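Please keep the sequence and the model in view while reading.

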Amino acid sequence: MNQNAPIPFRPSQFDKVAFQRRELGDILTVYGRMVAAGEWRDYGISMQKEVAVFSIFRRAAEHPIYRIEKRPKLATKQQTYAVIGMDGRILKRGADLRQVLRVLEKKLIRSVD
């Protein structure tokens with residue numbers, strides 16, 4: 001048995017786009033506020049080769065009402081982060097995740113009668 005044999009690994013595990021810890025912290029802060037307000041109930045995270053997606057659901061069995069996408073390859077052209085509505089429209093796009101997430105916090109502000 002050769003002790004210097006290379007360790008096999010599957011590159012497909014390492015070439016996926018993912019949210020970093022700070023990014024998830026920012027997203028979950030907004031998510032927690034909206035859950036406390038009773039607006040959102042569930043979420044899902046998807047990591048693919050080109051994009052990482054944080055999907056937000058009003059109920060578990062629905063289509064997502066918002067998607068927060070991270071696309072690093074678009075950093076120089078259209079910016080890295082985007083918030084996409086249920087109908088597929090891009091609500092906000094930018095290089096700074098906190099700035100992009102502000103569009104969701106505006107949904108929390110309501111007038112009091």
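How many residues does helix 1 have, and how far does it reach from its first C-alpha to its last? Helix 1 spans residues 21-36, which makes 16 residues, and it reaches 22 Å between those two atoms, close to the 22 Å expected at 1.5 Å a residue; the expected span is 1.5 Å times one less than the number of residues. Helices (H or I, at least four residues) and strands (E, at least two) are DSSP runs, numbered from the N terminus.

This is a predicted model, in which local features need pLDDT of at least 70 and side-chain atom pairs count only at pLDDT 80 or more, whereas totals for chains, interfaces and linings use all residues. Residues are numbered from 1 along each chain as its sequence is written, and side-chain values use heavy atoms, with hydrogens and water left out.

**Overall layout**

The chain has 2 helices and 5 strands, and from the N terminus on its elements run α-β-β-β-β-β-α. Of its 113 residues, 29% are buried, where buried means under 20% relative accessible area, exposed over 50%, and partly exposed in between (1.4 Å probe, protein chains only). The chain exposes about 8,300 Å², of which carbon and sulfur atoms supply 51%; the areas come from the Shrake-Rupley method with a 1.4 Å probe, and for residues only the protein chains shown count as cover. Among contacts (heavy atoms within 4.5 Å) with a separation of 6 or more, residues 24 or more positions apart account for 33%.

**The two helices**

In helix 1, the buried residues are E23, D26, I27, V30, Y31 and M34. They lie on the same side of helix 1 because they cover an arc of only 130° around the axis, the arc being that of the directions from the helix axis to the C-beta atoms. On the other side of helix 1, R21 and A36 are exposed. The cover over the buried residues of helix 1 includes strand 1 (42-47), strand 2 (52-57), strand 3 (66-70), strand 4 (81-85) and helix 2 (97-105). After helix 1 comes G38, which has a positive phi, near 85°.

Helix 2 buries L97, V100, L101, V103 and L104. These too are placed on the same side of their helix, helix 2, because they cover an arc of only 130° around the axis. Their cover includes helix 1, strand 2, strand 3, strand 4 and strand 5 (90-94).

**The nonpolar core**

A nonpolar core is a set of buried Ala, Val, Leu, Ile, Met, Phe, Trp, Tyr and Cys residues joined through side-chain atoms within 4.5 Å. The largest one here has 20 residues, and W40, I56, I68 and L104 have the most contacts inside it. Helix 1, strand 2, strand 3, strand 4 and helix 2 each supply at least two residues of this core, and the largest share, 5 residues, comes from helix 2. When residues up to four places away in sequence are not counted, L104 touches V30, M34, W40, I56, Y66, I68 and V83.

V17, in the segment before helix 1, is 53 residues from K70 in sequence but 7.8 Å away in space, C-alpha to C-alpha.

The relative accessible areas of residues named in this report, together with D96 from the loop between strand 5 and helix 2, are set out below.

| Residue | Relative accessible area | Class |
|---|---|---|
| E23 | 3% | buried |
| K70 | 9% | buried |
| V17 | 12% | buried |
| D96 | 40% | partly exposed |

D96 and T80 are 16 residues apart in sequence and 8.1 Å apart in space, C-alpha to C-alpha.
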